[in-house]
Amino acid sequence: NPNMENDNKLFAAHIAAALQNTCATDSITIRKPTIPSKSPFMNFNPPTPPPDAKKPMESIHEAPPPPPPPPHLEEEETNKGKKRIRLGICAMDKKARSKPMAEILSRLSDTLFEIVFFGDALLLHSPVSEWPIVDVLIAFYSSGYPLDKAIQYADLRKPFVLNDLQMQHTLKDRRKVYDLLEEAGIDVPTHVYMSRDGYVSTGTGAGTNPKESELVEHDDHIELNGVVMNKPFVEKPIDADDHNIAIYYPTSAGGGCKKLFRKVGDRSSEFYPDINEVRRDGSYIYEEFVETQGTDVKMYTVGPDYGHAEARKSPTVDGKVERNSDGKEIRFPVILTLREKEIARRIVLVFKQLVCGFD
């Protein structure tokens with residue numbers, strides 16, 4: 001889809017611009033970004049008065065100022081003779097060497113940035129004392145990533161970190177994410193936790209009577225912590241890396257269970273008509289099933305002031321992934337409401353992830 005390709009390139013350009021605006025300095029000392037207090041995504045520029053407004057008549061005929069030099073020449077002149085900022089890409093090679101990352105890094109000025117890739121071998125097998133010293137660090141968790149070592153490195157070298165590393169530990173537990181969302185005033189579905197590991201919720205996930213922690217199951221609903229959850233409801237493992245999510249349907253809709261999973265070929269879910277009982281082998285979140293007319297919205301942000309949203313067919317529809325002629329999942333750009341933009345802004349600030357994505 002040519003339009004989507006242009007949107008992705010625009011998104012990469014905004015990330016590059018955000019990195020340069022965040023890190024641009026007169027010396028190698030890194031400046032933290034300024035977080036605006038007002039709602040984002042609203043760049044209001046008051047109209048400029050006409051050139052002859054409140055001017056004496058003769059000023060209208062003054063010679064115009066000389067045009068500024070081209071941006072690239074101005075940048076090269078500004079940075080001539082100065083030390084470049086060392087930008088460390090501290091992520092697994094599958095992410096660090098991906099096409100999206102290459103697109104982002106291609107937009108960064110060679111006169112301002114020196115790109116340093118850490119690489120899997122270094123991250124997994126070398127002590128943090130041997131990791132390269134950088135001024136700015138892009139580090140984010142993915143499967144197999146040594147997050148604790150990355151935190152040790154950041155504490156040792158103290159670079160400017162774009163995405164808070166300690167908070168990435170929090171993101172690995174869906175219960176902690178829900179509790180923080182509620183604390184920030186962000187709406188979440190009605191939910192209750194079945195915590196078999198002793199977790200104590202600070203939000204509504206504890207239910208109305210946490211002492212009633214025994215899960216009681218009926219044909220069309222469950223009872224847990226004083227909360228009655230009617231089918232259809234969603235069952236999510238607390239581990240954010242576990243994408244084996246289940247939806248249980250009431251007998252009035254034929255019953256059964258739909259299991260969601262990471263895309264395998266052209267499938268993202270399967271329906272099992274004979275499964276009606278919830279899992280009892282670990283800790284789970286149970287939440288109401290929210291009807292979205294068969295559409296999921298994925299949001300990508302760069303800081304609190306820029307976001308790009310895309311819609312795709314929800315895996316709850318029929319489990320078939322719609323792809324284009326290039327094999328890519330079909331998505332469409334979405335214009336968000338002001339309320340949705342404010343939610344995105346709060347998520348960026350609460351979880352301290354300047355570059356992130358969420359559903």
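An open sheet of 6 strands, ordered E5-E13-E9-E10-E11-E12, is paired in the antiparallel sense. Strands pair if DSSP finds at least two bridges between them. Strands (E, at least two residues) and helices (H or I, at least four) are DSSP runs, numbered from the N terminus. Strands E5 (191–194) and E12 (267–272) stand at the edges with a single partner strand each, so one side of each has no neighbour in the sheet. On average, neighbouring strands of the sheet are turned by 20° against each other, direction ignored. Angles run from 0 to 180 degrees between N-to-C directions, and axes are lines fitted to C-alpha atoms, for helices over the stretch in contact.

The model is predicted: local features need pLDDT of at least 70, side-chain atom pairs count only at pLDDT 80 or more, and totals for chains, interfaces and linings use all residues. Residues are numbered from 1 along each chain as its sequence is written, and side-chain values use heavy atoms, with hydrogens and water left out.

Within the sheet, 5 bridges pair strand E11 (residues 257–264) with E12, in the antiparallel sense. Cys257 stands opposite Tyr272 in E12. Helix H8 (residues 174–183) packs on the sheet. H8 touches E5, strand E9 (233–237), strand E10 (245–248) and strand E13 (284–288). A contact means heavy atoms within 4.5 Å. The direction of H8 makes about 145° with that of E5.

The chain holds 9 helices and 17 strands. Of its 359 residues, 39% count as buried. Buried means under 20% relative accessible area, exposed over 50%, and partly exposed in between (1.4 Å probe, protein chains only). Among contacts between residues at least 6 apart in sequence, 61% join residues at least 24 apart. The accessible surface comes to about 20800 Å², and 54% of this belongs to carbon and sulfur atoms. Areas come from the Shrake-Rupley method with a 1.4 Å probe; for residues, only the protein chains shown count as cover.

The largest nonpolar core has 28 residues. Such a core is a set of buried Ala, Val, Leu, Ile, Met, Phe, Trp, Tyr and Cys residues joined through side-chain atoms within 4.5 Å. Two or more residues each come from strand E1 (85–90), helix H4 (99–106), strand E3 (136–139), H8, helix H9 (338–351) and strand E17 (355–358). H9 gives the largest share, 4 residues. Leu87 and Ile89 have the most contacts inside this core. Beyond four places in sequence, Ile89 touches Ala96, Met101, Leu105, Ile115, Val116, Phe117, Phe118 and Ile138. A second, separate core of 18 residues includes Leu122, Tyr145, Ile151 and Tyr153.

The axes of H8 and H9 come within 11 Å and cross at roughly 120°.

Strand E17 has a covered face with Cys356 and Phe358, and an uncovered face with Val355 and Gly357. Strand E14 (residues 295–302) runs antiparallel to E17, joined by 4 bridges. Tyr300 stands opposite Gly357 in E17.

Asn209 lies in the loop between E5 and strand E6 (216–217). Asn209 counts as partly exposed because its relative accessibility is 27%. Asn209 and Gly226 are 17 residues apart in sequence, yet their C-alpha atoms are 4.8 Å apart in space. Not counting residues up to four places away in sequence, Asn209 touches Asn225 and Gly226.
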